[in-house]
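Visitor: Could you walk me through this model, one question at a time?
Guide: Gladly; here it is.

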Amino acid sequence: MTVKLFIQAITKFIFGFILVGLLIFLPAGTFSFFNGWLFMGLLFVPMFFAGIVMMFKDPNLLRSRLDAKEKQREQSTVIKLSGLMFLSGFIVAGLDFRFNWLTLPRGVVIGAAIVFLVAYILYAEVLRENAYLSRTIEVQEGQKVIDTGLYGIVRHPMYSATLLLFLSMPLVLGSVYSFLIFLAYPFIIGKRIKGEEEFLEKELNGYREYKKKVKYRLVPFIW
């Protein structure tokens with residue numbers, strides 16, 4: 001761990017907390033938005049402890065996760081579309097609460113919260129299995145194909161976990177209209193996976209063979 005890495009990580013964490021809070025609570029017009037606080041807790045409390053663990057156990061992985069600058073132009077567009085989805089989705093969720101457009105039953109919110117936590121656990125397992133994970137599409141020095149654990153089920157388990165995470169987010173916030181916006185994510189991530197696999201086939205030894213071994217990209221028995 002270095003002081004520079006710690007400052008970078010804590011700065012991004014605080015900035016993310018403030019930004020998401022503003023996007024949710026400003027449109028809601030109040031801080032008395034239970035679903036908003038529930039979501040903030042589910043998102044940022046595990047993130048904080050996961051960051052602490054990575055900082056001490058695998059600072060290189062944390063450093064790569066903090067680096068979000070995409071080098072490929074096409075993938076940069078995908079990142080921008082994802083950002084637009086989050087921006088509009090959170091704002092609509094706040095507005096939905098403020099104007100009481102459509103309230104989801106508490107049971108749906110609780111179920112979504114459970115799915116969110118399960119997805120977080122899956123995400124953590126992917127990070128444990130693959131030390132080469134980066135937020136950008138690249139091949140690192142000495143990188144090898146991982147084909148065990150969750151990688152033996154689907155080729156992109158990290159995206160499978162984020163699919164569950166992102167589709168449960170608007171339901172935790174109690175907003176059907178926000179959920180409709182987040183339904184764009186499977187299409188966005190499908191485009192990213194296509195470009196990523198084309199890159200890995202060219203740059204990562206053994207990836208073509210891995211594709212033949214593990215047939216499904218994101219969802220077992222479906223795609």
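This is a predicted model: local features need pLDDT of at least 70, side-chain atom pairs count only at pLDDT 80 or more; totals for chains, interfaces and linings use all residues.

Visitor: Which residues is Thr162 in contact with, leaving aside its neighbours within four places in sequence?
Guide: Thr162 lies in helix H6. Leaving aside neighbours within four places in sequence, the residues in contact with Thr162 are Tyr123 and Tyr185.

Visitor: Is Ser168 buried or exposed?
Guide: Ser168 lies in helix H6, which covers residues 157–172. Buried means under 20% relative accessible area. Ser168 has a relative accessible area of 3%, so Ser168 is buried.

Visitor: How many helices does the chain have?
Guide: From the N terminus on, the elements run α-α-α-α-α-α-α-α-α. There are zero strands, and the helices come to nine.

Visitor: Are helix H1 and helix H2 roughly parallel or roughly antiparallel to each other?
Guide: The axes of H1 (residues 3–28) and H2 (residues 34–57) come within 11 Å and cross at roughly 170°. Angles over 145 degrees count as roughly antiparallel. H1 and H2 are therefore roughly antiparallel.

Visitor: How many nonpolar residues are there in the contact of H1 with H2?
Guide: On the H1 side the contact includes Phe6, Phe13, Phe17 and Ile24, and on the H2 side it includes Trp37, Phe44 and Met47. The residues of this contact include three polar and no charged ones, and the nonpolar ones number 16.

Visitor: How far apart in space are Ala50 and Leu62, C-alpha to C-alpha?
Guide: Ala50 lies in helix H2 and is partly exposed, with a relative accessible area of 33%. In sequence, Ala50 and Leu62 are twelve residues apart. In space, their C-alpha atoms are separated by 9.5 Å.

Visitor: What is the phi of Asn100 near?
Guide: Most residues other than glycine have a negative phi. Asn100 lies in the loop between helix H4 (73–99) and helix H5 (106–129), and is exposed, with a relative accessible area of 54%. Asn100 has a positive phi, near 55°.

Visitor: And where is Phe221?
Guide: Phe221 also has a positive phi, near 70°. With a relative accessible area of 71%, Phe221 is exposed. Its place is in the segment after helix H9 (207–213).

Visitor: What percentage of contacts between residues at least 6 apart in sequence join residues at least 24 apart?
Guide: Of the 223 residues in the chain, 42% are buried. Among contacts between residues at least 6 apart in sequence, the share that joins residues at least 24 apart is 78%.

Visitor: In which helix is confidence highest?
Guide: The chain averages a pLDDT of 86, and 89% of the residues score at least 70. Confidence is lowest in helix H3 (residues 59–66), at a mean of 70. Confidence is highest, at 97, in helix H7 (residues 176–182).

Note on methods
Residues are numbered from 1 along each chain as its sequence is written. Side-chain values use heavy atoms; hydrogens and water are left out. Helices (H or I, at least four residues) and strands (E, at least two) are DSSP runs, numbered from the N terminus. Buried means under 20% relative accessible area, exposed over 50%, partly exposed in between (1.4 Å probe, protein chains only). pLDDT is the predictor's confidence in each residue, from 0 to 100. Axes are lines fitted to C-alpha atoms, for helices over the stretch in contact, and angles run from 0 to 180 degrees between N-to-C directions. Angles under 35 degrees count as roughly parallel, over 145 as roughly antiparallel, 65 to 115 as roughly perpendicular and the rest as oblique. Contact means heavy atoms within 4.5 Å. Ala, Val, Leu, Ile, Met, Phe, Trp, Tyr, Cys and Pro count as nonpolar, Asp, Glu, Lys and Arg as charged, and the others, Gly among them, as polar.
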